[in-house]
Amino acid sequence: MADVELMTSPPIAASTKDEDLGLLKEVAARTAGISRLEMCIQCGTCGGSCPSAAAMDLTPRAVFALLRAGMREEALKSNTFWVCVSCYHCVVRCPQSVHIADVMYALKSMAIEANLYQDSTAPDFSHTFIGMVEDYGRSFEMGLAGIHYIKHFALRLPGMVPMATGMLTRGRMSLTPKRIKNMRQLRAILNRAKELEAEE
Amino acid sequence: MTRNQEERIGVYVCHCGTNIAGVVDVAQVAEWAAAKLQHRGVVIAREYKFMCSSLGQELIEKDIKELDLNRVVVAACSPHLHEKTFRTACANAGLNPFMCEMVSIREQVSWVHTDKSAATSKAMAMVSGGVERVRHHVPLEPLTVPIHPATLVVGGGIAGIQSALEIADAGHQVYVVEREPSIGGHMAQFDKTFPTLDCSACILTPKMVSVGTHPNVKLLTWSQVEKVEGYVGNFSVTIRKKARKIKEDLCTGCGICQEKCPKKVIDDVYEAGLGYRKAVYTPFPQAVPKFPVMDVANCTYYEKGTCKACEKFCPTDAIDFDQQDEILNVQVGNIILATGYDLFDARRISNYGYGRLPNVFSSLEFERLSNAAGPTNGQVVLRDGKTIPKSVGIVHCVGSRDRNYNNYCSVICCMQSIKFAHLVHERTGATVYNFYIDIRAAFKDYDEFYQRILEEGTQFIRGKVAEISDVPRVASEEGKLIIQVEDTLAGKQRRIPVDMVILSSGLQPRADSKATAKVFGISCSANGWYIEKHPKLDPVATMTEGIFIAGCAQGPKDIPASVAQGAAAAARVLGKIEQKEVALEPVRASVIEDQCSGCRICNGLCPFNAISFLEDRMVTEINPALCQGCGTCVAACPAGAIVGTGFSNEQVMAQIEGLMLMNIEPAEVIA
Amino acid sequence: MKDYLLYPGCSMEYSARAYALSLDAISGPLGLRLKELDDWNCCGATEYLGISRTPAYALIARNLAIAGQASNGTNDLVAPCSACYLNLAKADHYMQEQPQLGAKVNEALAVGELTYRPGSLNIRHLLDVIVNDVGLEEVEKHVVQPLSGLRLAPYLGCMVPRPDYGHRWSDHEFPTELDSLLKALGADVVDYPLKTECCGGHMPQIGPEMGFEMIRRLIASADRLETDAMVTMCPMCQLNLDAYQGETNQFFKTHFHMPILFFTQLMGLAFGIEPKELGFGLELVSARNVLDALGVKAPPETPPAPPKRARRPEGLPMPGPLPKGNPSEQKIREVV
Amino acid sequence: MSENAKPKFAMYWAAACGGCEIAVLNTHEKILDVDATFEVVFWPVAMDAKYKDVEAMEDGSILLTLFNGGIRSDENEHIAKLLRRKSKLMVAFGSCANEGCIPGLANLSDSRELVHTAFNTITTDNPHEIYPMTSYDVPEGEIHIPTILPVLKTLAQVVDVDYFMPGCPPESHQIAAVIDLVIQAIQGKAQLPPKGSVIGAGSSTVCDECKRTRSVKSIKAFQRIWAIAAEPTVCLLEQGIPCNGPATRSGCDARCPAAGAQCIGCYGPADGVVDYGARLISSFASVIDSNDPVEIDRILDGLVDPTGQFYRFNLAGSLLRAAVPAWKKAKV
Amino acid sequence: MTDAFEPTIIGFTCNWCSYRAADLAGTARIKYPANVRLVRLMCSGRLDPTFVFKALASGADGVMITGCHPGECHYLEQNYKALRRFQLMQRTLKGLGLESGRIKLLWASAAEGARFASEVAAFVEEIRALGPLHWGRADASEAVGAEVAEGPRLQEVSA
């Protein structure tokens, strides 16, 4: 009994919460294509290449280290993958050919599921966007930006006005998107796809 | 093939520790063989921890004597590892060594299969195959051929120089073939060598000179091997000696021709593109031999038909514009390949800006820059030729450990970069940053050297450099090269402005290494490095008897390792020369004359010209010394009149029957 | 001239109308026959991929499936928008690399009575088609108003040269295709070092400060090279650099005036087509300076010599360009 | 004839064309020596005899049996075994008994197809799909006809054979020589060769006896004999004509090549050869003059029906013995 | 062992490349199915078609012939002879009703351990898909007369 106690009571220093060593595999499995995530040698090429690294709380490399360590919460609540701009610099430079950008997408969806993110701006933007796509089959980014600004950066709206009007007067922005003809088909496909994704 | 008395076969199954026993039930295999193959002549079947150990061998020898075995099957590792061992064991016990057959149940079974029962039954089948095969073995006497005492060394870098001198000093003839105008190789381009920082030229030049002057060395620079024929002990090599356009017998190497030559050319080889040479030139002052060569592609005379300045001024009329290439043929017994490496071309990594950003230098460029005999007399300056850098970034692993370029580690770059850091610090006092993924400072005194450079205040930043750019984001970056990198230990992206960047480019196989390998009939790894006979136990021999490799041709390595390998290869060659003759595997083809109808199907099939047709008797004959034992003619003879020892039809067919367990009642076959 | 299937993408309808108009105007003279896909849908940009994998790929693949049906005679699917181009290529690539994904996507498509066989289409970007299929010689033939004297910065953005599943581009970081096209139009092409840096993508929306900073970097660098206009091939890049330039200036108290044009608009100009038909005037940062420069220009004598990268006579020589056709030139990327 | 002490002689004709029998008669007056030396006890083609008479004989009482023909039916097999039991010397006589010969080509198809072809195709008008039955009840009782085996077998595949005498048919002078030898042996004047050896033929191949001049071979195209005017003195194979001579046992004096036709291989493989066809495949292919798969294919297109080319006589006697279908059906 | 069909495959290897590739696969511990049993020859040029026929006649379901890559033969050019024989052998075996997929020619250098393993694995699956061969293992003495007589019974033919 006592031994068991001893064995189960952890040294204070070590982080013990939700350490699961399957995490890395899990992420790899949820990534499109063959991620090669397990091949990361922590060289930092990704973090060095990233144009938006300045805005990241953790560099991609650091996130991968957390995944390897099985620290789910720490990894998923970082803003790294939300700030990722999908420029693929890291992907083409990675000496281990890790599909970094696609891992980022996988992490986004995992963070949303786990409801782990500090700032809802980015996830919201994605949701507004796909909401629109699921309703119309098309997107109209400027209208989208407008909506998004109203929600998150109301203060900045005045600054937006000249641009918005400019866009409107030039017919570069509309308030309703076109709707595709066969919306029923698209919805059916997306619904089936969602079921299939859920099966994982 | 006739077989002597009735077969008494011993079967020996090796555990190889757990290497085999971990997957294959060796005990079951042995029992099975003893029981099921008894009617095929198996009188004893044993299993043992390590058959290759002296105890294991004694076990076999004892059985041969006591049980009067006349055939032995050893189920263990690949014959390429231990066939010799067990043949010797048989010989010790008075049995002809060729009455032994090896079955590879490690490389072909336990190491590659996971399903234990499947692996075990495969092992049984393979043993059965071995037993059936060995029944058809016949005593053979190895063929011995004399070894020609001369040796060919290809490549005049430090590895080649070392092996040439070792052999020459032992009193044997050596031919050294070098395709550049002088020997010396890459080492001649360096200024200092790590970790001792002694002057490269100072330690290399004496060796070069003794190669040039050694009575036993025939030095052929500006030359290339075109053809290699024959086999161990008896190679016949065709060498093209390119026209120097200089009469070597008259030339004194005074160098006046170079002075007078009006044509300046960028020297891409010796000066790594950082300096100039003339159209007639010796690459560097200490060149061996001292004779210059004429660069026909760039010489004004060959372009325009006039000039001949060199000829006018040559005091000994040594210039010969009409000189032609010479084709030489030499006989040698052994060959050492020390063809070296190429530097990775950093222009391939466009985000490092080499070739686009003037002050990004390659490692070889920096070697020249820092070399007292180099274009700047050892002054470390920017591309403008005068400005001394105040901050320098040194990038490790350029083109190495990177699946986009070369996936292997180039071994020398870490120490080289640390050496650069020291030289820069010493010559300029600049702030030095080294960017690394891991510091690999194995081997004697290397880590100490690293420690010393740390003391000098070099900033080591752990992170693979992402990009080098000249586009400033802030004022402090104006006019600088910015090295963008993640400092993985700080976990932050950093942009470090510097005046100069040195790319520690990796090593890669010679562009033509595969072609060269073909000429000499050895094999290359997928990357293009030459493959050694055994990665641990036979690092300088190749699969091809009589051909050895040394230096970077075999894989990236530093100077001490290259020298050691050069010497090792020489020792192997000397060993062969001392044997005076070499025993060839008695795997040979021969013709049964009264079955040969002289149809001449086989006559055109032998690339070694071992097959000849005797018009008078209208039969074909095979010269055993020339025959390499490939067996193509054996397979081709329509009359079955050609037999091949060691791999006879009977042996192979019997082995197939055995593998398919045709020798056992189907009922008894273990699924 | 070949036929092509065209996937315009949502932006072409509004924010990138100039792109649509100018493409329309030049494809006639070039004999480009672009057949727009019937009832195509949004590719999901970079947003859907981050929400849920299979639906995201199904969304893209619906277009591929439609294209597959429409492809009689041609199997080249052309996208002018970088994000669309990448998404289409990505779906095609991963459906092969990861058969399970391919199977799932097709299972989803099946309910819409659609299916797509990965690898059956060539996904091409418009620039690739114009440079490699139409060819620069052909383009030059149509130039009546060379753009001589115009200093243009070729700006490709990220998603076309990277990750480049089809190995179609000369380099991941410094591709030369757009440069040579603009040269063919007679323009004075700036050696723009940030030609494949990121415009910020959705950053202006989700993290404006970072977004503006990324925009600033690009414009500042073009500005210091005395660029008359930046030439892009991506609606997203154009939008960010053009529409947010004002805000960026406010944010950093800078006064950049950098017109952002689509390469098709400049081709149109060189072909002597009316600026209006090319969507000039739709940009927020006016490109009048460009038109003026050409307007006042007398018909050019000899086109200006290319900017010389001469080695200073003293100083140390530079390594030459990487030899062409060098097999090692292409990066080896085994897919494990 | 009365019971004299003459050694007994038998000859049997299984699945074969009868050519072997004719060849024996072609020995002309030599046939008289046979009659003089032997008492012919069983020779269905030459004299009347019943199986039961043979069955009645004492085992090993027949000195010499020349068995020609392959084993196609259970009757063939029965008699082969019977004669083996009764004979001292069992000789596989002629190509059929040795290696299956032309009847052996039936092994390319399964036996039901054979029967069908024989009884219900153009050769036979059989609207009612009537096939022979192996047994049938008649008022006199049940009658039997032989049943056909799935694959034709060579004599050696069913019984132990003492000597092999190849040829389709064996050359008459060779037969004469063999008969002489046996008679001499009987009279103790000569030694018989060791059991299992090939008699009445050479040990090397047809090229040995072929007068055509030969040089190093390299085939750029295969020709059919009628397609070209073959050079009369040069090796046919070198002219691209697929001549089986190089792999075929000598003993026929190279009659075909001498007559300008390629050897088709009726004397079978030479000493120590396991598979006749394999030898030819290997040797023909080895001397094809190309390293390019496509070009090689083009050249091989000139070799119409390789299977027939290499296994015309030897199929039943080859390693594989029959085509896959034959075996597959046999397993049903 | 599962009752799923486990094919037996005989593989002929060249002493200089493919046999060493197999060794390399071993030293690198690369796994592949146990269905292949290798025979070592000095060169693919030694490959006598007889060996292949022998293997098939002995019950092998497939045969794998391996040698050095074209132009890399240890004996300079003998692997080309193997190529030619392979092509003629394929044609002949086709005539004997064999699926061409049962015999495979593979070039593998001494460095290609991983490739060797994956090719073997692939081949095993191809053969598994083709099913058992059992050439010549059938009991050929079993008569089929009875079976062929299954047609309509012989009738009295009345005018």
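Helices here are DSSP runs of H or I, at least four residues long, numbered from the N terminus. With that in hand, the tour can start; keep in mind that this is a predicted model.

**Stop 1: chain A as a whole.** Chain A has 12 helices and zero strands. Of its 200 residues, 58% are buried. Among contacts in chain A with a separation of 6 or more, 68% are between residues 24 or more positions apart. The accessible surface of the chain is about 8,500 Å², and carbon and sulfur atoms account for 61% of that surface.

**Stop 2: helix H4 of chain A.** Select residues 60-69 of chain A, which form helix H4. Is this helix mostly covered or mostly uncovered? Helix H4 is mostly covered, with seven of its 10 residues buried. To see them, pick A:Pro60, A:Arg61, A:Ala62, A:Val63, A:Phe64, A:Leu66 and A:Leu67.

**Stop 3: aromatic pairs.** Over all chains, the structure holds 34 aromatic pairs. Select A:Phe81 and A:Trp82 for one of them: the ring centres are 5.9 Å apart and the planes meet at 55°, so this pair is tilted. A:Phe81 counts as buried because its relative accessibility is 0%. A:Trp82, at 4% relative accessibility, counts as buried too.

Next, move to chain E and select E:Tyr32 and E:Phe116. Their ring centres are 6.2 Å apart and their planes stand at 80°; planes over 60 degrees apart count as edge-to-face, so this pair is edge-to-face. Where in chain E do the two residues of this pair sit? E:Tyr32 is in the loop between helix H1 (18-27) and strand E2 (36-41), while E:Phe116 is in helix H4 (residues 113-130). The pair links distant parts of the chain, 84 residues apart. Both E:Tyr32 and E:Phe116 are buried.

**Stop 4: rings and charges in chain C.** Select C:Phe212, C:Tyr244, C:Phe251 and C:Phe252, which ring pairs link into a cluster.

Finish with C:Phe174 and B:Arg356. Here the charged end of B:Arg356 sits over the ring of C:Phe174, 3.8 Å from its centre.

Notes: Residues numbered from 1 in each chain as written. Chains lettered and ligands numbered in written order. Predicted model: local features only at pLDDT ≥ 70, side-chain atom pairs only at ≥ 80, totals over all residues. Heavy atoms only, no water. Buried < 20%, exposed > 50% of the residue type's maximum accessible area, 1.4 Å probe, protein only. Phe/Tyr/Trp six-rings, centres within 6.5 Å; stacked < 30°, edge-to-face > 60°. Lys NZ or Arg CZ within 6 Å of the ring centre and 35° of its normal. Contact = heavy atoms within 4.5 Å. Areas by Shrake-Rupley, 256 points an atom, 1.4 Å probe, with all protein chains shown as cover.
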